[in-house]
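Please take a look at the sequence and the fold, and then read on.

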Amino acid sequence: MKAIVVTDQAAGTAGMKLVKRPEPQAAINDVIVQVHASGFVPTELAWPSTWTDRLDRDRTPSIPGHELAGVVTALGYGTTGLSVGQRVFGLADWYRDGTLAEYVAMEARNLAPLPGDVDFTVGASLPISGLTAWQGLLQHGRLQAGHSVLVHGAAGAVGSMVTQLAREFGAYVIGTGRAADRQTALDFGAKEFVDLDNDALEDVGGVDLVFDVIGGDIGKRSAGLIRAGGTLVSIVGPAEARPADGLAVDFVVEPDRAQLSEIVQRVRDGRLRTNIGDVSTLDDAVAALNPTERRKGKTIIRVRP
Ligand SMILES: NC(=O)c1ccc[n+]([C@@H]2O[C@H](COP(=O)([O-])OP(=O)(O)OC[C@H]3O[C@@H](n4cnc5c(N)ncnc54)[C@H](OP(=O)(O)O)[C@@H]3O)[C@@H](O)[C@H]2O)c1
């Protein structure tokens, strides 16, 4: 099969190569999925799991990409819950070969059915952004109607999902980002926007929840904005500062079939809009994943055109 591989951590996305690889074998409880579309998070090549396995052994050349939509072509020993020919989407294991390939082997429990009226490109854009937003707001952030939520990077892949879900669940959303992202963040449902390069973050006043996708100094300064009993949720590692009278939580997104189904249902009925930027073929994926201009939205690789 055709696949994108990486071998050189220092080279980053520039070191990606399109090669031929053997098709994967299904292990216990796995399915093989013929990948129709794959999502890629630009920071993936900085994650240790791209380079080493769970025992810290070199696993290069590895195939990146952890989001996909496609069709089940085979079941492993003991696999239940999905059938051959079924349309699916989901989140592939961080430590196994990923979805920038024509086929991937992954555990069935990491996948959910993809309804027939949802395009594969849309399906592949949802798992990481959608599940991260869902889990960060509802599980870790303890979001309640009436809360005020500061969403950093509100025009980005995760931030745009956070903004929309927070609004749906009755929150008042203040988005942040670059000056050029103001209108996008407002269009996704933010009521106010803070241009982090030019506005004073501290002018926001108190909020119940901060959803941080940026970290560093922005994360540190955000801790001071959290009201008593509020929460700082970070998806970019432990916060450098904690709220004086609140919680700081950092987490890595987990696969969840029921939550994937909640998310895709919202896309079908118009409550959620995905944030897709470039769409490219697998043959052109290396160039698409090394853009010369600033990305707007998530890059999706359409593996089967
Ligand atoms: N823990 C988890 O489970 C998890 C899950 C998903 C993602 N992540 C991480 O979360 C981060 C965001 O992912 P994503 O897919 O949403 O990325 P993305 O689509 O690039 O969105 C990030 C947004 O934040 C903006 N931004 C970043 N730094 C900024 C700054 N200093 N000032 C103003 N705006 C800034 C970006 O603008 P620019 O492009 O101009 O910088 C972009 O609009 C990544 O680091 C990713 O690895 C973690």
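## Ground rules

Helices (H or I, at least four residues) and strands (E, at least two) are DSSP runs, numbered from the N terminus. The model is predicted, so local features need pLDDT of at least 70 and side-chain atom pairs count only at pLDDT 80 or more, while totals for chains, interfaces and linings use all residues. Residues are numbered from 1 along each chain as its sequence is written, and side-chain values use heavy atoms, with hydrogens and water left out.

Aspartate 56 sits in the loop between E3 and E4, and its phi is near 70°, a positive value in a residue other than glycine. Proline 61 belongs to the loop between strand E3 (30–39) and strand E4 (67–75). The peptide bond leading from threonine 60 to proline 61 is cis, with omega near -5°. Most residues other than glycine have a negative phi, and most peptide bonds are trans.

## Around the ligand

The ligand is surrounded by 22 residues, each with a heavy atom within 4 Å of it. The closest are Thr43, Ala157, Arg178, Val253 and Arg294. Domain 1 (2–125 + 275–302) and domain 2 (128–250) both contribute to this shell, so the ligand lies between them; the domain bounds come from an automatic or database domain assignment.

Polar contacts here are pairs of N or O atoms within 3.5 Å. A ligand oxygen is 2.7 Å from a backbone N or O atom of valine 253, and a ligand nitrogen is 3.0 Å from a polar backbone atom of isoleucine 235.

How values were computed: A polar contact is a pair of N or O atoms within 3.5 Å; within protein, one must be able to donate a hydrogen and the other to accept it, and residues adjacent in sequence count only if both atoms are side-chain atoms.
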